[in-house]
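Hi everyone, thanks for making time this morning. I'd like to walk you through one structure, so please have the view open as we go.

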Amino acid sequence: MNKRLFTLILLNSFGFLALDASDRPNILLILSDDHSVPHLGAYGDANCRRFIITPHLDALADEGMRFDRAYTAAPQCAPSRTAIFAGRSPVGLSATRFAQPARSETTFFTDVLRERGYWVGLAGRHQHLDGKNRDLDHVTDTLVELDVRDRAFTQRFDHFVRGASTKNEAIHDTDEVVGAILDGVPDDQPFFLYFGFNQPHRRWGDDHEKIDPSKLVLPPDWPDLPEVRLDYAKYLAEVRDLDIGFGLIENVLEERGLKENTLVIFMGDNGEALLRGKGTLAQRGTHVPLLVRWPGYVKPGTASDSLVSGVDLSATILEAVGLETAPGMTGVSFFDELRGKPFEGREMVFAERGWHFGPIGRSDGFDLSRSITTRRYLYLYNATPEKIFSPVDMGRNPGWLAIQEMHEEGTLSALHESIYFQNPRPLFELYDLQEDPFQLENLAGKARVKAVETKLRTEMDKWMVRESDFLPLPSHIQQQVNRK
């Protein structure tokens with residue numbers, strides 16, 4: 001018997017009580033692609049507010065709860081999305097390599113929902129739960145043999161679209177696409193619908209109408225160059241397109257009378273494809289927007305500073321409809337936080353960086369790292385420090401090429417030389433996010449934070465052991481360093 005099916009039978013035998021069908025909310029999970037904090041006006045971003053980039057998503061924040069400390073399990077889309085659906089870290093799922101699916105026996109929260117009466121659909125941008133959209137024939141054949149691709153996989157959903165673009169003019173058809181999907185939901189079933197946007201993933205168009213690059217506020221860890229400013233303006237234009245698409249989905253909910261009984265969750269899948277974003281475990285790589293609206297349950301206009309992770313969505317969604325998590329899920333439900341009840345929450349969140357498509361020998365290829373984020377500190381373990389930094393999806397970008405040129409000419413600032421061209425990179429990095437939100441000063445090895453560093457290194461050891469991580473433990477590496 002398929003192990004996943006056996007797990008679902010166990011769920012039934014335990015007799016977990018769900019809400020009555022009439023009380024169960026519809027659930028809409030929307031993920032943007034390569035979109036990190038602060039890029040919504042609701043997070044106070046000066047650029048988004050000045051150029052009115054995200055009015056619809058800002059309205060969603062006003063109608064629900066904004067999470068200020070939400071993180072994904074990886075700074076790459078495939079492992080981060082798999083972790084969301086499986087409720088466990090990519091390390092624990094053996095899915096750290098880009099587009100490696102979780103094993104067939106892994107239960108998704110959508111499996112649990114469907115078993116308990118939900119209509120379940122996936123649509124929009126390819127979510128990579130079953131691997132790459134198109135891969136080598138022998139790789140695809142192997143995934144089919146393992147029951148994580150094609151018919152065996154798609155039978156887990158009532159509606160499955162492997163990948164449909166929302167780029168360019170397609171964004172204006174979002175309401176028609178979502179409306180057609182909802183037409184297929186039986187009247188007597190609540191629905192769960194995942195919808196993924198391509199925005200603001202690269203490639204970006206040349207249009208950045210009404211966004212003046214010269215007037216953008218840049219973070220201090222970015223060199224202030226015309227090419228960097230222009231690239232940033234194009235990124236914000238993509239975020240604006242995302243907001244347009246979200247507004248069209250909102251119209252569908254309104255027109256169909258679904259808004260009051262639909263739990264809407266909006267989240268970024270991982271960090272932006274900009275400098276020190278996607279593919280890195282710096283804050284912009286994993287710190288993402290998370291907005292939740294549920295009329296009658298979530299108080300409008302509220303904000304949470306609790307630490308939450310993408311792996312926590314499974315537990316939260318299942319608890320919201322009265323269901324237990326499946327065996328193997330390690331996420332922490334933040335349902336009480338949504339309801340305004342006392343919530344102890346997490347002390348720390350973990351993230352991992354694995355292999356990503358790109359040139360081998362550069363950061364967007366083979367680069368392995370792990371991180372812990374607490375309320376105050378960020379601790380990083382670079383297991384492959386000899387790899388030269390290169391921002392993911394930006395290898396030939398004019399902004400990055402301009403930075404490289406300044407490096408070669410010796411005209412780049414000492415700060416930016418250290419951030420982008422230090423080789424080897426430090427094995428360990430520690431940042432005080434309260435005093436240094438842009439992670440400009442590495443405190444690792446300094447006497448004044450020795451106790452903090454030791455504690456976080458120990459906690460990372462324990463997490464890596466629990467998750468059966470294949471990397472050497474940071475404490476073992478530290479012991480070797482101390483012997484030299």
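First, some housekeeping. What we have is a predicted model, in which local features need pLDDT of at least 70 and side-chain atom pairs count only at pLDDT 80 or more, while totals for chains, interfaces and linings use all residues. Residues are numbered from 1 along each chain as its sequence is written, and side-chain values use heavy atoms, with hydrogens and water left out.

Let's look at the sheet. Four strands make an open sheet, ordered S11-S12-S13-S14, with antiparallel pairing. At the edges sit strand S11 (348-353) and strand S14 (428-432), each of which pairs on one side only. From one strand to the next, the twist averages 15°. A word on terms: strands (E, at least two residues) and helices (H or I, at least four) are DSSP runs, numbered from the N terminus. Two strands pair if DSSP finds at least two bridges between them. The angles run from 0 to 180 degrees between N-to-C directions, with axes that are lines fitted to C-alpha atoms, for helices over the stretch in contact.

Now let's cross the sheet strand by strand. S11 pairs with strand S12 (residues 369-374) over six bridges, in the antiparallel sense. If you'd like a landmark there, methionine 348 stands opposite threonine 374 in S12. Next, S12 and S13 run antiparallel and are joined by five bridges, and a hairpin connects S12 to S13 through two residues. In that pair, serine 369 stands opposite asparagine 382 in S13. Finally, S13 pairs with S14 over five bridges, again antiparallel, and the bridge partner of tyrosine 381 in S14 is phenylalanine 428.

Please stay on S13 for a moment. Are the residues of strand S13 (residues 377-382) buried or exposed? Six of its six residues are buried, where buried means under 20% relative accessible area, exposed over 50%, and partly exposed in between (1.4 Å probe, protein chains only). Both faces are covered: Tyr377, Tyr379 and Tyr381 lie on one side, and Leu378, Leu380 and Asn382 on the other.

On to the empty spaces. Rolling a probe the size of a water molecule over the atoms shows where empty space is left. Here a 1 Å grid is laid over the protein atoms alone: a cavity is a set of points where a 1.4 Å probe fits but cannot get out, a pocket is an open set with protein on both sides within 12 Å along at least five of seven lines, and lining residues have an atom within 4 Å of a point. Grid points are joined across faces, edges and corners, and a volume is the space filled by probe spheres set on the points.

How many cavities of 30 Å³ or more does the structure hold? The count is two. The largest cavity has a volume of about 50 Å³, and its lining includes Trp222, Tyr232 and Met394. Helix H9 (residues 226-255) gives the largest share of that lining, four residues. The second largest cavity, at about 40 Å³, brings us back to the sheet: S11 supplies the largest share of its lining, three residues. By class, that lining has four nonpolar, four polar and no charged residues. For the classes, Ala, Val, Leu, Ile, Met, Phe, Trp, Tyr, Cys and Pro count as nonpolar, Asp, Glu, Lys and Arg as charged, and the others, Gly among them, as polar.

The largest pocket has a volume of about 970 Å³. Of the 31 residues that line it, the closest to its centre are His201, Arg202, Arg203, Lys278 and Asp393. H9 turns up again, giving the most to this lining with four residues. The lining divides into seven nonpolar, ten polar and 14 charged residues. The second largest pocket comes to about 540 Å³, and its lining has 13 nonpolar, six polar and eight charged residues. Helix H2 (46-50) and helix H10 (283-286) each supply at least two residues there.

Last, the cysteines. How many disulfides does a search of the whole structure find? It finds zero, a disulfide being a pair of cysteine sulfur atoms within 2.5 Å. Cysteine 48 counts as buried because its relative accessibility is 2%, and cysteine 77 is buried at 2% too.
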